Amino acid sequence: MTSASTHPEHHRISPVFLGLVAIMAISGWAVWSGWAEVTGVSVFFFVVSSWIVSLCLHEYAHARTALRAGDLSVGAKGYLTLNPLRYTHALLSIVLPVIFVIMGGIGLPGGAVYIERGRISGKLKHSLISASGPLTNALFAALLTAPFLLDAMGDMPVAFRCALAFLALLQVTAALLNLLPVPGLDGFGIIEPWLSEKVRRQAEPFSNFGILIVFGCLWIPEINGAFWTAIDSLLRVLGVSELETFLGLEYFRFWQGEPQNVFVP
């Protein structure tokens, strides 16, 4: 007899996710080949679809780690199918992150898989469940920046190169923001099991507002400047220039007109 957690349908990749991967592949090819009349349109669909795919994998990592740790309920909830429509808060995990990318070019961390923590024993397991999401973003960032770091860009088209740079920026910002030890974010989830019961109770009321607190702080010019300086410095270490991320955002915002006379050394 097949248990609820091991039912094949609970592990089958969703057609919705496969559709997103198809859009990512087709639009990526369009950016590379210059097939679209307006390159920025292809860049837009390539970045948005790639970003949603990474968000799905972020949430999948949480669920898969929870399953291995003992929460067998994640299968029945549909979290292992990579279907973004099955998340508890699709608005927080998918819609808002995409809106923030369009508006400000920043990777908004989302968190929308409901883990039944009572099924899991051991502080380390709880920490690993929280860490698995941002570590997935960090892995994405490493893969995206590998060609830059290894100086393997070759004859890669400028638009595709800049789209990769912009995607890398989104992954880096998502990973770093999500690792902040703020209630409601994965960074706090990593340390929460090791805190006293009193501290956890005091932090609980803020868990629904953590991301709002973070973005409120980013409106403060000094904090915003320090944040983007840190992001740019990290990307420079990974071989991605500020010009490339800037042009990636410019291509992405195709409705504002495409960059003219682009040259990236």
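A salt bridge is a side-chain nitrogen of Lys or Arg within 4 Å of a carboxyl oxygen of Asp or Glu. Keep that in mind for the close-ups below, which come from a predicted model.

**View 1. Arg 161 and Glu 244 pair up in a salt bridge.** The closest N and O atoms of Arg 161 and Glu 244 are 2.6 Å apart. This pair ties together distant parts of the chain: Arg 161 belongs to helix 6, Glu 244 belongs to helix 11 (residues 242–252), and 83 residues separate them. Are the two partners buried or exposed? Arg 161 counts as buried because its relative accessibility is 14%, under the 20% cut-off. Glu 244 also counts as buried, at 2% relative accessibility. As a bit of background, side chains of opposite charge can pair when their charged atoms come close.

**View 2. Helix 6 is mostly covered.** Let's follow the helix that holds Arg 161. Helix 6 has 21 residues, and 19 of them are buried. From its first C-alpha to its last, helix 6 reaches 30 Å. That is close to the 30 Å expected at 1.5 Å a residue.

**View 3. Thr 173 sits buried in helix 6.** Helix 6 runs over residues 158–178, and Thr 173 is part of it. How much relative accessible area does Thr 173 have? The value is 0%, so Thr 173 is buried. Its side chain reaches the backbone oxygen of Leu 170, at 2.9 Å. Looking past residues up to four places away in sequence, you'll find Thr 173 touching Ile 106, Gly 107, Phe 227, Trp 228 and Ile 231.

**View 4. Thr 245 is a buried residue of helix 11.** Here's another threonine to look at, this time in helix 11. Thr 245 has a relative accessible area of 6%, so it is buried. A polar atom of the Thr 245 side chain lies 2.9 Å from the backbone oxygen of Glu 242. What does Thr 245 contact once its neighbours within four places in sequence are left aside? The list is Ala 165, Phe 166, Leu 169, Leu 235, Arg 236 and Val 240.

View 5. An α-helix has 3.6 residues a turn, so residues three or four places apart point the same way. Arg 200 is partly exposed, with a relative accessible area of 24%. Glu 197 is partly exposed too, at 43% relative accessibility.

**View 6. Glu 116 and Arg 119 meet in a salt bridge.** The side chains of Glu 116 and Arg 119 come to 2.6 Å, N to O. Glu 116 counts as partly exposed because its relative accessibility is 24%. For Arg 119 the value is 44%, so Arg 119 counts as partly exposed as well. A search of the whole structure turns up six salt bridges.

**View 7. Phe 209 is part of a nonpolar surface patch.** Which residues form the patch? They are Phe 206, Phe 209, Leu 212 and Ile 213, and together they have about 410 Å² of accessible area. Phe 209 is found in the loop between helix 8 (197–203) and helix 9 (210–218). At 45% relative accessibility, Phe 209 counts as partly exposed.

**View 8. Leu 82 and Asp 151 have positive phi values.** Leu 82 has a phi near 65°, which is positive in a residue other than glycine. You'll find Leu 82 in the loop between helix 3 (73–76) and helix 4 (90–104). Asp 151, another residue other than glycine, has a positive phi near 55°. Where is Asp 151 found? Look in the loop between helix 5 (123–149) and helix 6. As for cover, Leu 82 is buried, with a relative accessible area of 6%, whereas Asp 151 counts as exposed, at 67% relative accessibility.

Technical notes. Residues are numbered from 1 along each chain as its sequence is written. This is a predicted model: local features need pLDDT of at least 70, side-chain atom pairs count only at pLDDT 80 or more; totals for chains, interfaces and linings use all residues. Side-chain values use heavy atoms; hydrogens and water are left out. Helices (H or I, at least four residues) and strands (E, at least two) are DSSP runs, numbered from the N terminus. Buried means under 20% relative accessible area, exposed over 50%, partly exposed in between (1.4 Å probe, protein chains only). A polar contact is a pair of N or O atoms within 3.5 Å; within protein, one must be able to donate a hydrogen and the other to accept it, and residues adjacent in sequence count only if both atoms are side-chain atoms. Contact means heavy atoms within 4.5 Å. Patches are made of residues with over 30% relative accessible area and no salt bridge: like charges are joined within 9 Å, nonpolar side chains (Val, Leu, Ile, Met, Phe, Trp, Tyr) within 5 Å. Accessible areas come from the Shrake-Rupley method with a 1.4 Å probe; for residues, only the protein chains shown count as cover. The expected span of a helix is 1.5 Å times one less than its number of residues.
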